[in-house]
Amino acid sequence: MKYFLKKDLRNCIPRFILSYFRWAGFVDASGQLIKTSFVSYTLDFIVLFTCIDTLISILVSYDSSEVKLDIIFMSSLALTTIVWYRMRYKKKSTTNFLQKFDGTSSHSHEKKFNVLVFLTLCIPAIYSACIICGMNKSEAGLFFIYGYEIEYISIQNIIVAIKSFCDYTVYPTFGNIVALLYIFLCLHCSDYLNNLTRKVDKYSPKDFTPSKQIDILKGRAEIYDILVNTERIFSFPIFSIIVANVLMLSSISGSFLISDWSNTEYIWKIERIFYGTNACLYVTSILWAAGTVSIEMRKFKEIFHYKTHLKLLCKYSEEQLHLKMDLMNEPDFLLTGWNVIHLGRSTILCLIGTLLTYTVLVINTHGEKEN
């Protein structure tokens, strides 16, 4: 345990994710307490300000035709805010877990995830620029300045830029960073399990002795411990992020079918493109990565069972039999979202079905109102 506490987090997870978590106050940052505390408190203020500002803007610019989308967006923002403070509350547990996490075999993913985090942090600026370029003065006043129009266009653009940047930074950028860390952990565990599976497969029945079987199972136990802690710390945040994105995606998919795209205001087009694409990508990625863990765990059990079975046919050993039975009687490990949904590839199909059902209900409701 002393070794783990002295271990440098920089050797465990992608640098950009770690930097984000440190400045946000989700992990302890020794030696930078004053700077990180100031930044984390500033970010707390931005999160609260964005929630209050968004609520006021929705009330001021109330439109009955867009009320569903407004409610969904506010719900998604509220869920993200809950996750933010939940991660702050779990700071000590997260720090201890990441310090214990062995990232020696995850270098193949580190550069990819650093690039993904960098791009993710750049998107709010791109979103803000798109909003400024396409909005007219009245739209900017209605959606970002509580219905008022500012005479000086430069000042108005600055206000719109800051607010739109903060909006997209809180939701969905924050949830995306948490999702990227979760995906990274899943892929690391999957790679490690895959390496163990290939290692077992290379053994001949004669060479697959009980001592080597125990060494293999020790490696698997380390990964199992990582997965258990991942489930304990990230289960609720990932569930909230998935729900927020599914709500957003369902609302946007429904609005595409009940509204005329050519007559839709520019700001709604931009929001639907950015938020819809983001929700689709991250929900699919989370479920795909979590499902990969279950698949690799099942492959390991199958090949281990096969090799120990061949070994028992060659030479019976009670120790080997116990090792085999203990592993095979163990239930399959499944990552979950707050014990509500199972995170796997099959869940993607379930969500698609849910979206289609929701869309049909929205169309029917809209049709009944028109009649």
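Me: In which helix is Thr50 found?

Reply: This is a predicted model, in which local features need pLDDT of at least 70, side-chain atom pairs count only at pLDDT 80 or more, and totals for chains, interfaces and linings use all residues. Residues are numbered from 1 along each chain as its sequence is written, and side-chain values use heavy atoms, with hydrogens and water left out. Helices are DSSP runs of H or I with at least four residues, numbered from the N terminus. By that numbering, the run of residues 33-60 that holds Thr50 is helix H3.

Me: Is Thr50 buried or exposed?

Reply: A residue is buried under 20% relative accessible area, exposed over 50% and partly exposed in between, using a 1.4 Å probe and protein chains only. Thr50 has a relative accessible area of 2%. Thr50 is in contact (heavy atoms within 4.5 Å) with Leu77, Cys166, Asp167 and Val170, leaving aside its neighbours within four places in sequence. By its accessible area, Thr50 is therefore buried.

Me: Where around the axis of H2 do its buried residues lie?

Reply: In helix H2, residues 15-24, the buried residues are Ile17, Leu18, Tyr20, Phe21 and Ala24. Taking the directions from the helix axis to the C-beta atoms, these residues cover an arc of only 160°, which puts them on the same side of H2. An α-helix has 3.6 residues a turn, so residues three or four places apart point the same way. The place asked for is thus the same side of H2.

Me: Which residues touch the most other members of the largest nonpolar core?

Reply: A nonpolar core is a set of buried Ala, Val, Leu, Ile, Met, Phe, Trp, Tyr and Cys residues joined through side-chain atoms within 4.5 Å. The largest one has 77 residues, and the residues touching the most other members are Phe21, Tyr182 and Phe234. Its largest share, 17 residues, comes from helix H8, residues 153-202. The names asked for are Phe21, Tyr182 and Phe234.

Me: How many disulfides are there?

Reply: A disulfide is a pair of cysteine sulfur atoms within 2.5 Å. For Cys130, the closest cysteine sulfur is in Cys133, 6.7 Å away, which is too far for a bond. By this rule, the count of disulfides is zero.

Me: What is the average pLDDT of the protein chain?

Reply: The pLDDT is the predictor's confidence in each residue, from 0 to 100. In this chain 85% of the residues score at least 70, while over residues 1-7 the pLDDT is below 50. The chain average is 84.

How values were computed
Helix = DSSP H or I, 4+ residues; strand = E, 2+ residues; numbered from the N terminus.
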